[in-house]
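User: I would like to learn how to read the helices, the core and the loops of this structure. Please take the features in turn.

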Amino acid sequence: MTNDPQITPSSGNVFADLNLDEPDELLAKADLAIRICEAISRRRLSQTRAAALLGVDQPKISALMHGRLEGFSTERLFRFLNALDLDVEIVIRPKRSRSAHGGIHVAMPSRSTRTSRQSHRGQSK
(Lines give C-alpha, C1' and ligand atoms only; values in the text may rest on other atoms or scores of the structure.)
Protein backbone atom coordinates (compact mmCIF):
# COMPACT_ATOMS: atom_id res chain seq x y z
CA MET A 1 0.00 0.00 0.00
CA THR A 2 1.34 3.43 -0.94
CA ASN A 3 0.73 6.79 0.68
CA ASP A 4 0.38 8.57 -2.67
CA PRO A 5 -2.33 11.22 -2.49
CA GLN A 6 -5.37 10.82 -4.70
CA ILE A 7 -5.58 13.52 -7.33
CA THR A 8 -8.93 14.40 -8.83
CA PRO A 9 -8.93 16.74 -11.82
CA SER A 10 -10.99 19.90 -11.38
CA SER A 11 -14.07 20.55 -13.46
CA GLY A 12 -12.98 24.18 -13.67
CA ASN A 13 -15.59 25.20 -11.10
CA VAL A 14 -14.57 24.66 -7.49
CA PHE A 15 -18.21 25.03 -6.39
CA ALA A 16 -19.24 22.13 -8.67
CA ASP A 17 -16.27 20.11 -7.41
CA LEU A 18 -17.58 20.64 -3.87
CA ASN A 19 -21.08 19.57 -4.96
CA LEU A 20 -22.65 22.87 -3.87
CA ASP A 21 -26.07 23.92 -5.14
CA GLU A 22 -26.09 26.33 -8.11
CA PRO A 23 -22.32 26.09 -8.75
CA ASP A 24 -22.44 28.22 -11.94
CA GLU A 25 -24.17 31.06 -10.10
CA LEU A 26 -21.72 30.82 -7.19
CA LEU A 27 -18.76 30.98 -9.57
CA ALA A 28 -20.29 33.93 -11.46
CA LYS A 29 -20.85 35.82 -8.19
CA ALA A 30 -17.26 35.11 -7.12
CA ASP A 31 -15.97 36.39 -10.47
CA LEU A 32 -18.11 39.54 -10.18
CA ALA A 33 -16.83 40.13 -6.64
CA ILE A 34 -13.25 39.83 -7.90
CA ARG A 35 -13.96 42.50 -10.54
CA ILE A 36 -15.48 44.77 -7.88
CA CYS A 37 -12.47 44.32 -5.61
CA GLU A 38 -10.12 45.05 -8.53
CA ALA A 39 -12.03 48.25 -9.33
CA ILE A 40 -11.96 49.36 -5.68
CA SER A 41 -8.22 48.68 -5.53
CA ARG A 42 -7.52 50.36 -8.87
CA ARG A 43 -9.34 53.49 -7.65
CA ARG A 44 -7.47 53.27 -4.32
CA LEU A 45 -10.71 53.51 -2.35
CA SER A 46 -10.80 52.70 1.34
CA GLN A 47 -13.55 50.32 2.40
CA THR A 48 -15.38 53.28 3.95
CA ARG A 49 -15.22 55.33 0.74
CA ALA A 50 -16.18 52.30 -1.37
CA ALA A 51 -19.15 51.66 0.92
CA ALA A 52 -20.34 55.26 0.54
CA LEU A 53 -20.01 55.05 -3.24
CA LEU A 54 -21.87 51.73 -3.42
CA GLY A 55 -24.57 52.70 -0.90
CA VAL A 56 -23.79 50.05 1.71
CA ASP A 57 -22.04 50.01 5.05
CA GLN A 58 -18.33 49.24 5.48
CA PRO A 59 -18.87 45.73 6.93
CA LYS A 60 -20.62 44.74 3.67
CA ILE A 61 -17.54 45.84 1.70
CA SER A 62 -15.33 43.88 4.07
CA ALA A 63 -17.50 40.78 3.61
CA LEU A 64 -17.40 41.19 -0.17
CA MET A 65 -13.63 41.62 -0.19
CA HIS A 66 -13.22 38.47 1.90
CA GLY A 67 -15.43 36.37 -0.39
CA ARG A 68 -18.42 36.20 1.92
CA LEU A 69 -21.09 36.68 -0.72
CA GLU A 70 -24.22 35.55 1.13
CA GLY A 71 -26.82 38.28 0.75
CA PHE A 72 -25.30 39.63 -2.48
CA SER A 73 -27.42 38.89 -5.54
CA THR A 74 -25.89 38.97 -8.99
CA GLU A 75 -28.12 41.96 -9.74
CA ARG A 76 -26.73 43.82 -6.74
CA LEU A 77 -23.17 43.01 -7.82
CA PHE A 78 -24.01 44.36 -11.31
CA ARG A 79 -25.17 47.62 -9.69
CA PHE A 80 -21.90 47.83 -7.74
CA LEU A 81 -19.93 47.44 -10.98
CA ASN A 82 -22.01 50.20 -12.60
CA ALA A 83 -21.41 52.49 -9.59
CA LEU A 84 -17.68 51.87 -10.10
CA ASP A 85 -18.05 53.14 -13.70
CA LEU A 86 -17.93 49.69 -15.28
CA ASP A 87 -20.37 48.46 -17.92
CA VAL A 88 -22.02 45.07 -17.52
CA GLU A 89 -22.87 43.31 -20.75
CA ILE A 90 -25.09 40.22 -20.74
CA VAL A 91 -24.78 37.87 -23.72
CA ILE A 92 -27.20 35.03 -24.33
CA ARG A 93 -26.11 32.23 -26.68
CA PRO A 94 -26.48 28.48 -27.15
CA LYS A 95 -24.86 26.46 -24.38
CA ARG A 96 -21.17 25.66 -24.82
CA SER A 97 -21.04 22.05 -23.67
CA ARG A 98 -23.03 18.87 -23.82
CA SER A 99 -24.29 19.33 -20.26
CA ALA A 100 -28.02 19.09 -19.66
CA HIS A 101 -28.44 22.78 -18.85
CA GLY A 102 -27.02 26.11 -19.95
CA GLY A 103 -24.62 27.85 -17.62
CA ILE A 104 -23.62 31.25 -16.30
CA HIS A 105 -20.17 32.60 -17.17
CA VAL A 106 -18.42 35.87 -16.39
CA ALA A 107 -15.82 37.08 -18.86
CA MET A 108 -13.66 40.18 -18.75
CA PRO A 109 -12.59 41.47 -22.16
CA SER A 110 -8.90 41.97 -22.73
CA ARG A 111 -7.48 45.46 -22.33
CA SER A 112 -7.13 45.87 -26.11
CA THR A 113 -10.78 44.92 -26.64
CA ARG A 114 -11.91 47.43 -23.98
CA THR A 115 -9.78 50.14 -25.54
CA SER A 116 -11.16 49.35 -28.99
CA ARG A 117 -14.76 49.46 -27.74
CA GLN A 118 -14.15 52.69 -25.87
CA SER A 119 -12.66 54.34 -28.96
CA HIS A 120 -15.82 53.46 -30.95
CA ARG A 121 -18.20 54.96 -28.39
CA GLY A 122 -19.80 58.14 -29.54
CA GLN A 123 -18.88 57.58 -33.18
CA SER A 124 -21.87 57.60 -35.49
CA LYS A 125 -22.20 55.07 -38.27
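Analyst: In helix α3, the residues that are buried are Ala 50, Ala 51 and Leu 54. Buried means under 20% relative accessible area, exposed over 50%, and partly exposed in between, with a 1.4 Å probe and protein chains only. Helices (H or I, at least four residues) and strands (E, at least two) are DSSP runs numbered from the N terminus. The model is predicted, so local features need pLDDT of at least 70 and side-chain atom pairs pLDDT 80 or more, while totals for chains, interfaces and linings use all residues. Residues are numbered from 1 along each chain as its sequence is written, and side-chain values use heavy atoms, without hydrogens or water.

User: Why do the buried residues of α3 line one face of the helix?

Analyst: Viewed down the axis of α3, they fall within an arc of 100 degrees, so they line one face; the arc is that of the directions from the helix axis to the C-beta atoms. Thr 48, Arg 49 and Ala 52 are exposed on the face turned away from the buried side. The cover over the buried residues includes α2, α4 and α5. Just after α3, Gly 55 takes a positive phi of about 75 degrees.

User: How is a pair of packed helices described, and at what angle do α2 and α4 cross?

Analyst: Two packed helices are described by the angle and the distance between their axes. Here the axes of α2 (residues 23-42) and α4 (residues 58-65) come within 9 Å and cross at roughly 115 degrees. Axes are lines fitted to C-alpha atoms, for helices over the stretch in contact, with angles from 0 to 180 degrees between N-to-C directions. From α2 the contact (heavy atoms within 4.5 Å) takes Ala 33, Ile 36, Cys 37 and Ile 40, and from α4 it takes Ile 61, Leu 64 and Met 65.

User: Which residues have the most contacts inside the largest nonpolar core?

Analyst: In soluble globular proteins, nonpolar side chains tend to be buried together. The largest nonpolar core of this model has 19 residues, and Ile 36 and Ile 40 have the most contacts inside it. Such a core is a set of buried Ala, Val, Leu, Ile, Met, Phe, Trp, Tyr and Cys residues joined through side-chain atoms within 4.5 Å. Two or more residues come from each of α2, α3 (47-54), α4 and α5 (74-83), and α2 gives the most, with six. Apart from neighbours within four places in sequence, Ile 36 is in contact with Leu 64, Leu 77, Phe 80, Leu 81 and Leu 84.

User: Is Ser 62 buried or exposed?

Analyst: Ser 62 has a relative accessible area of 17% and is therefore buried. This serine is found in helix α4. Leaving aside neighbours within four places in sequence, Ser 62 is in contact with Gln 47 and Arg 68.

User: Where is Ala 107 found?

Analyst: Ala 107 is in the loop between α5 and α6 (111-120) and counts as exposed because its relative accessibility is 67%. Ala 107 and Ala 28 are 79 residues apart in sequence, with their C-alpha atoms 9.2 Å apart in space.
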